[in-house]
Amino acid sequence: MSVPDPTGARFRDLRQADWERLETLIARIERGRASSLSNEDLFELPVLYRGALSSLSVARETSLDADLVGYLESLAARAYFILYGVQPPLWRRIAQFFAVAWPQAIRSLGRETGVAVAMLLIGTLAAYWMVSRDPSWFYAILPSDLAGGRGPHASAAELRATLYDPGDALAVFAAFLFTHNSQMALMCFALGFAFGVPTVLLLFYNGCILGAFLAIYVPKGLGLAAAAWLSIHGTTELFAIALAGAAGLHIGMAVAFPGRAARVDAAVSAGRTAAIAMLGVVVMLSVAGVLEGVGRQMIRADGVRAAIGGAALLGWLLYFYVLPLRTDAADG
Amino acid sequence: MAEPRTRQFVTPEGVDLRLELAGVGERAAAFLLDLIILMLVLIAFTIAALFVLVGTGPAGGQAMAAIWLLGFFLLRNFYFTAFELGTRGATIGKRVLKMRVVARNGGRLSGHAVVARNAMRELEFFLPLSFFAYESSQGLADFATAGAGLLWSGVFVLFPFFNRDHMRVGDLIAGTWVARQPRRTLRAAVVERQAAPLYSFTDAQLGAYGEFELQKLEEVLRRGDELAMIVVARTIRTRIGWTGAQGDELPFLQAYYAALCTRLERNMLFGQRRRDKHAQG
């Protein structure tokens, strides 16, 4: 009978040093100290990783040491995620996002964006019509924390004051509006999963708020002034909400009508486009927040307000739909 | 026989890493931990804001309130995303419980996937929560709204239980999985190479067991529980009809392990595997 050579003994002796070296390198990267690796370390990493993979294959075929196989599996998986999970540098990802991925995603959402904008408009018109006929609808539509003392029974002077006088808690109110609207946009997106039905309702309701709002200003002869007051940040913000809704609808449609693809695959590819669009929506909402926090309080002239709002809208439209695109694979 | 929670994950080099998916319980625990961390940060942030407020008076108060609102917003929406975009692909809670987010197609975890899975979290968790908070603050939480809210959150909370990959709705949309990633250290082999075997076994005696029993024996030897070793040694001796020396369980088991392992591994090289003692060997 030969001398027993229980599993791994020779196998381990030959390779264990490499495994340990790989493990220390990975641990350093995982702790976020990738920059402390020298050039030799970086060249060594893929070699060591392949070594560990081949050790794993060999160990699975020839060794019965469960501990050894488990260790190699865990080591190889950790190394895999570091080697193949490498992202390009942040600045290049950001540049790529703005140059290609974002406009491309918005363009491919064209149909859904049309539906979302239509829902907003229909909501606006419906609420405008209802509140004009019966002002008590106003309180049913607008949440009291957004109404801020405005109402059908406020006098023209009071309403005018809400448009031109900076209030006491403006910064707080602006921050509140920003977070509220962002949450609203996120919800428009997330609710799309339920076949898009709640998204449509939410967009409609958003339009209703706008319509109810206008309906109390227009009869007092403040229609244009109110529109200018809204437009300075509203064009950006409402567009952002419409895009978020479009992203949600896109997912909802993919889940409801997956076509030839499996339902899950359809959801994943729709989710990808929609998520890129949503990242952009957050950017737009931040721009709207700045316009609202600074511009609306500082600038009192209707014309300037409307001009800024109009320029913003035109800028977004040009950027999304007119700007020529390089057709690299969008990746983020 | 693959474990039901193990999934094929083939690297570009063609090796299957056999990732193990995280269970619902572990994921809930990680999420709870993250929530506690969020809560603590928020409380610390609030206390800091209050101190500044006391220092500056009402003028600074407005600014602080605005900053607090924005801070809360950022924390709620970007805590998960920021951590999962890092090299470890995991929030603090997931790190503690040894898990990471993985792209289902085996590619790298992209930024938009992380954004998508966390935007859905808004719907799955924060929406019902804020809904309840708002309703109860208004004193409106009647039976119907409470029921609708529970039904709503129930659908999402139960979702991971009804698909075999334990995916949240967010995972489904984003194309991600949450996999366990235990960190293991290589322990010494159970039995060192021996110059000369203390015991020798016949082929028939070694043929009594297969791979499954060998790995169970490995576990027993690693645990080093004397009582278990006595029981196991007695079982093996009875089964192989051992007539040699009694007593000294540890050396006996080590020798048997080494001999059995050598035999099974040699057979593996010839393409003969024996799963367990019931298999033909």
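Colleague: How many helices and strands does the secondary structure of chain B come to?

Modeller: Chain B has 10 helices and four strands, counting DSSP runs numbered from the N terminus, with helices (H or I) of at least four residues and strands (E) of at least two. Keep in mind that this is a predicted model: local features need pLDDT of at least 70, side-chain atom pairs count only at pLDDT 80 or more, and totals for chains, interfaces and linings use all residues. Residues are numbered from 1 along each chain as its sequence is written, chains are lettered from A and ligands numbered from 1 in the order in which they are written, and side-chain values use heavy atoms, leaving out hydrogens and water.

Colleague: In what order do the elements of chain B run?

Modeller: Starting at the N terminus, they go β-β-α-α-α-β-α-α-α-β-α-α-α-α.

Colleague: Let's look at strand E4 of chain B. Is it mostly covered or uncovered?

Modeller: Mostly covered: E4(B) spans residues 176-180, and four of its five residues are buried. Buried means under 20% relative accessible area, exposed is over 50%, and partly exposed is in between (1.4 Å probe, protein chains only). For chain B as a whole, 45% of the 281 residues are buried.

Colleague: Which strands are joined to E4(B) by bridges?

Modeller: Strand E3 of chain B (residues 99-103) runs antiparallel to E4(B), with five bridges, and there Val101(B) is opposite Val178(B). Strand E2 of chain B (residues 19-21) is also antiparallel to E4(B), with two bridges; in that pairing Glu20(B) has Arg180(B) as its bridge partner. Strands pair here if DSSP finds at least two bridges between them.

Colleague: Switching to aromatics, what does the count of pairs come to?

Modeller: There are 24 aromatic pairs over all chains. Rings of Phe, Tyr and Trp (its six-membered ring) pair if their centres lie within 6.5 Å; planes under 30 degrees apart are stacked, over 60 edge-to-face, and the rest tilted. One of the pairs is Trp102(A) with Tyr319(A), edge-to-face at 5.3 Å centre to centre and 70° between the planes.

Colleague: Where do Trp102(A) and Tyr319(A) sit in the chain?

Modeller: Trp102(A) is in helix H4 of chain A (residues 90-108) and Tyr319(A) in helix H13 of chain A (residues 302-322), so to speak distant parts of the chain, 217 residues apart. Trp102(A) and Tyr319(A) are both buried. Another edge-to-face pair is Phe239(A) with Phe320(A), at 5.9 Å centre to centre and 70° between the planes.

Colleague: Which residues form the aromatic cluster?

Modeller: Phe97(A), Phe98(A), Trp102(A), Phe239(A), Trp316(A), Tyr319(A), Phe320(A) and Tyr321(A) form one cluster.

Colleague: And the contact of the two chains: how many residues does it take from each?

Modeller: It takes 73 residues from chain A and 77 from chain B, where contact means heavy atoms within 4.5 Å. Chains A and B bury about 6600 Å² between them, 64% of it on carbon and sulfur atoms. Buried area is the accessible area (1.4 Å probe) that two parts lose on being put together, summed over both.

Colleague: Which residues in chain A lose the most area to chain B?

Modeller: Leu64(A), Asp67(A) and Phe81(A), which together make up 12% of what that side buries. Arg100(B) lies over the face of Phe81(A), 4.3 Å from the ring centre; the rule is NZ of Lys or CZ of Arg within 6 Å of the ring centre and within 35 degrees of the ring normal.
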